[in-house]
Every structure is written in structure tokens, then in C-alpha cells.
Amino acid sequence: MKARIHVTLKNGVLDPQGKAIEHALSNMGFDGVDEARQGKYIELDLSETDRAKAEAAVEEMCRKLIANTVIENYSIELE
Amino acid sequence: MKSAVIVFPGSNCDRDMAVALEKITGHKPLMVWHQDYDFDTVDFIALPGGFSYGDYLRCGAMSARSHIMKEVVKRANDGVPTFGVCNGFQILTETGVLPGALMRNAGLHFVCKDVELTVENNGTMFTSGYEAGSSITVPVAHHDGNYFADKETLDRIEGEGQVAFKYGENINGAQRQIAGVTNAKGNVLGMMPHPERMIEPALGGSDGRVLFESVMNSLG
């Protein structure tokens, strides 16, 4: 089973790299980008075949290492 | 005062810290490798600056989960004076021993210069040798020193005197210009600036020395 994890900065947390992307796009002539937020994408190959168990395990991995919940949110997709 | 410096792959201020501790305390610190599980009883634990584990995932994230940090966190929670500088500060926030998180500098630049700090609370074991509200000069060298915590946390730590140092001016976007914070008990301090690089006139000043002397005096 594969877990696809997106880690993003919480709303209200300033994202200076996202801001730089936003400005660069605007400088390149791409109009209409109101905001850019940068995050991380992490893919895990899991040996677990039970979906519920896999979900619980990945949830714990996110809480304990993959995301810093002081500043970040995470979302998990299993397939 | 017997001390230990924890060394991670990618630490690069471990020797600066060791030299400062030896000069000030008169004793060579133990150098403890991150894969160790235990070390002798010491009066003071230092987590040095650097780029442990190449800053992978987030600064300090990997180190915070290393074998040795389980022991360091245990001792810190038991009251052993513990001091994290720069990457050491990032590691302590990643373990949850200190509140908040260190993010990429708001200006996206690595900032490397001497800065003015204000001593916000001189009632801690790390700052008792300074005058409250005084200004000291200590160098910074970091890319991820932008201190963040939510408003409730900021109000709480300010209210309870956990903010030890603030920057004299905004250098990295840190919330409320916070440069260093302690835990609620006051035995753990993390700060982005490097007092171990300012311990004698030959290094440009001695303002950092006072911090180590304060800890020594508090231990009697």
C-alpha cells in the first residue's frame, strides 16, 4: 500500500518561500496568482495490507516526525 | 561544573562550545555522540549549533528523534540545566521541551553578524549575571531562526518570564523578536545567537561568558 502525505504550513503561519514564489511568478508575467504556499510531499511504501491499520500507523508517523504540528498541517491519502 | 556536549552528524559548533566550557569551567566537557544511549551524570548539557542531519525534513527534526535525545529529554525534564544554541535550540523545540518552532528567516537570507540582544528576564539560572533590560552583543549565524508560536503561547511565555532574550531589531521575522526561550521550570534555555562565540575580548567581546558564569554560580 502507498501512503501519499502532504505537509503544509498552517493558515496564519507566514511562508516566506511561498511569498518568493508568488513574487517570481508575478515578475515572470503570470498574472492572477493571489497566493502561493509551499509544502512538502512524502510518499511511503507500506508493507501493511490492512487499510485501517495502515492509516493509524501513518497518522502516528505524521504526528511524531513527518509534520511539526506547531506550524504544519498534514493530509494522508492511501492507495 | 561537569558538562556534556552532544554531537550530531553535521554539528559544527560543538568544538566552539567545548572550548568555551573548558575555558570557563576549567573542566573538559564530555563529548557525547548522538548514537549513544547514556552518558555520565553531568551538571550541564549543551546542544551545539550546526546543521545536524543536513537539516533534512526540518532543522533539528532528525536529531530530536536520535537515541541520545531520549536521555537528554529525560534529564532536562528532571531538572538538569540544558542549553541549546542555534541548531540546539531547533532540536529542543522539535522534542517539545521548549515551546514554539524555528522557521526559515522571513527575508530568506542566511543572517551572519553580531546582533544586540535585550535581556528580557534576568531571573533565570542562565541570565542572572546580566542586568534586566540590558543590551548585550552576541553573534548570530542562521537561516532558520524565525521563531514562531501561536498567540496564546506567545502571551503565556511572555507572561511567565520564559522569554530570556529578544533581538534589539528585527533580523529574521521572529515573532515579537524573540531570540531565546526557557521551559516553564527555567532549567532549559534555547537561543539562536551564539554566546559561546563571545567569551573573551579576542573574540570581539565577553557578553556571552556571563551566561555560562550565571549557570556556574547557580550551581554553587
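**Stop 1: chain A.** Select chain A. Follow the chain from its N terminus, and the elements come in the order β-α-β-α-β. Keep in mind that this is a predicted model.

How much of chain A is buried? Buried residues account for 13% of its 79 residues. Look also at contacts between residues at least 6 apart in sequence: in chain A, 63% of them link residues at least 24 apart.

**Stop 2: where the chains meet.** Show both chains. Chain A brings 9 residues to the contact, and chain B brings 13 residues. Select residues 16-27 of chain A. This is helix α1, which supplies the largest share of chain A's side, 3 residues. Colour that side by class: 7 residues are nonpolar, 2 are polar and none is charged.

**Stop 3: the sheet of chain B.** Hide chain A and select the strands of chain B. Nine strands make an open sheet with mixed pairing, ordered β2-β1-β3-β4-β11-β10-β9-β6-β7. From one strand to the next, the twist averages 25°. Which strands stand at the edges? They are β2 (30-33) and β7 (135-142) of chain B; each has a single partner strand, so one side of each has no neighbour in the sheet.

Move on to β3 (residues 44-47) and β4 (residues 82-85) of chain B. These two strands run parallel and are joined by 3 bridges. Pick A46(B): its bridge partner in β4(B) is F83(B).

Stop 4: Leaving out residues up to four places away in sequence, A46(B) touches S3(B), V5(B), M17(B), L21(B), F83(B) and G88(B). A46(B) is also one of the residues with the most contacts inside the largest nonpolar core, which has 67 residues. Next, select residues 14-25 of chain B. This is helix α1, which gives the most to this core, with 5 residues.

A second, separate core has 6 residues, among them A3(A), V58(A), I66(A) and Y74(A).

Notes:
Residues are numbered from 1 along each chain as its sequence is written. Chains are lettered from A and ligands numbered from 1 in the order in which they are written. This is a predicted model: local features need pLDDT of at least 70, side-chain atom pairs count only at pLDDT 80 or more; totals for chains, interfaces and linings use all residues. Two residues are in contact if their C-beta atoms, placed from the backbone, lie within 7 Å. Helices (H or I, at least four residues) and strands (E, at least two) are DSSP runs, numbered from the N terminus. Ala, Val, Leu, Ile, Met, Phe, Trp, Tyr, Cys and Pro count as nonpolar, Asp, Glu, Lys and Arg as charged, and the others, Gly among them, as polar. A residue is buried if 20 or more other C-beta atoms lie within 10 Å of its own, exposed if 12 or fewer, and partly exposed in between; C-beta atoms are placed from the backbone. Two strands pair if DSSP finds at least two bridges between them. Axes are lines fitted to C-alpha atoms, for helices over the stretch in contact, and angles run from 0 to 180 degrees between N-to-C directions. A nonpolar core is a set of buried Ala, Val, Leu, Ile, Met, Phe, Trp, Tyr and Cys residues joined through C-beta atoms within 7 Å.
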